[in-house]
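Look at the fold before reading on.

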Amino acid sequence: MNKRTSFLPFAKPDIDKEDIQAVVNALESGWLSKGPKVLEFEEQLQCFFGGRYVVTCNSGTAALHLALLAAGIKEGDEVIVPSFTFASTINVIVHVGATPIFADVQEDTFCIDVQDVVSKLTSRTKAIVAVHYAGLSADIDSLMNVCNQHNLLLIEDAAHAMGAYYKNKPIGTHGHIVCFSFYATKTLSTGEGGALVTDDKQIADQARLLSWHGIESNAWKRYAKAGSWRYELLLPGYKYNMTDPQAALGITQLAKLSAMQSKRAQIAEVYLNRLHSHVQLPHVDSDSGNVHAWHLFPIRIKPDCGISRDDFISSLKDYGIGTSVHFIPVHMQPFYAEWPRLSLPVTELVFSEIVSLPIYSLMTVADAQYVAETINYVCVK
């Protein structure tokens, strides 16, 4: 099989001239930190999420940390969370002094297993963190039922799920608090950035206060003509605010989100149609009201593929294709190795077989066809 002459990266942000000009305009405006563009981006996100409160941040990690802090999660509390996620989902629980209780995932969706969650509830459980893995929604209704029965908070880690839908409504419009990431590889990128979305004004107000040193909300404009040099520090907060250049990029990215999502879906369709039975394809929800964001396209290397997962990754690299693995389970990392050991058989099995293929809106159908053909060749040669 012929090899590509150029390397196909695993991910690449979709930045066009309009995005660049928006950032240049923000820089030329003189507002380099939090300013009017941040407020404009928050207003547009608020419309996108059906009028919910939105607090933009400098990362999805910051949004998760603010969610826990604003909700009053503290030392002595337990938070049930999948280990099959990026480290930040777990680290922020430790940062507030609470204990992460690792739950297993479902073998088809790789999202948190609701039955395993129920088996791990204790009197100290205060919240559940659900990760919408790869851009596929977790079972929000079942998780909300558990939360309602046990007076728990549902926090959705939607770092992968900007543009995804659950039961005909965008992710971000269902649970108590939803946290998004706008990192460079995400479906909507501001380089670094994130947002906390909630229907609870008290949580939104507290998160906003915590996100900017604990200083009252209008202090950001103290250097403007209408501003004042006086400000009040209400509590010891953090420096988690978004900047105007980031928000300017977010505004233009949001305007083309639907188009970028359509291109990702087109790449996913090529993979779904062309990859043969030696690899296990990702779950596609048959419910027409659920829409996958396709932040990732994860496949599993089956035993009959004739090649190990790690050798498969090396082979694709030899053919000019970048891949990744999402994720190394957090409970297998050195820091968490001494944490309470709970049975996570599905998580560990999936990790041993999973590979994330390239998928992004700048890819072409020809790129995706080459990836599929290469995989089919590597798995049978």
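Helices (H or I, at least four residues) and strands (E, at least two) are DSSP runs, numbered from the N terminus. This is a predicted model, in which local features need pLDDT of at least 70, side-chain atom pairs count only at pLDDT 80 or more, and totals for chains, interfaces and linings use all residues. Residues are numbered from 1 along each chain as its sequence is written, and side-chain values use heavy atoms, leaving out hydrogens and water.

Just after helix 4, Gly97 has a positive phi of about 90 degrees. Helix 4 spans residues 87-95. Its buried residues (under 20% relative accessible area, 1.4 Å probe, protein chains only) are Ser88, Thr89, Ile90, Val92 and Ile93. They pack against helix 3, strand 2 (78-82), strand 3 (99-103), strand 4 (125-131) and strand 5 (153-157). Contact here means heavy atoms within 4.5 Å.

Helix 3 also meets helix 7: Leu66, Leu69 and Ala70 touch Ile203, Gln206, Ala207, Leu210 and Ser211.

Now the cysteines. The structure holds one disulfide (a pair of cysteine sulfur atoms within 2.5 Å). Cys305 and Cys379 form the bond, with sulfur atoms 2.3 Å apart. Cys305 sits in the loop between strand 11 (297-301) and helix 10 (309-318), and Cys379 in the segment after helix 12 (365-378), so the link ties together parts 74 residues apart in sequence. Both Cys305 and Cys379 are buried.

Two other cysteines are too far from the closest cysteine sulfur for a bond.

Key: Buried means under 20% relative accessible area, exposed over 50%, partly exposed in between (1.4 Å probe, protein chains only).
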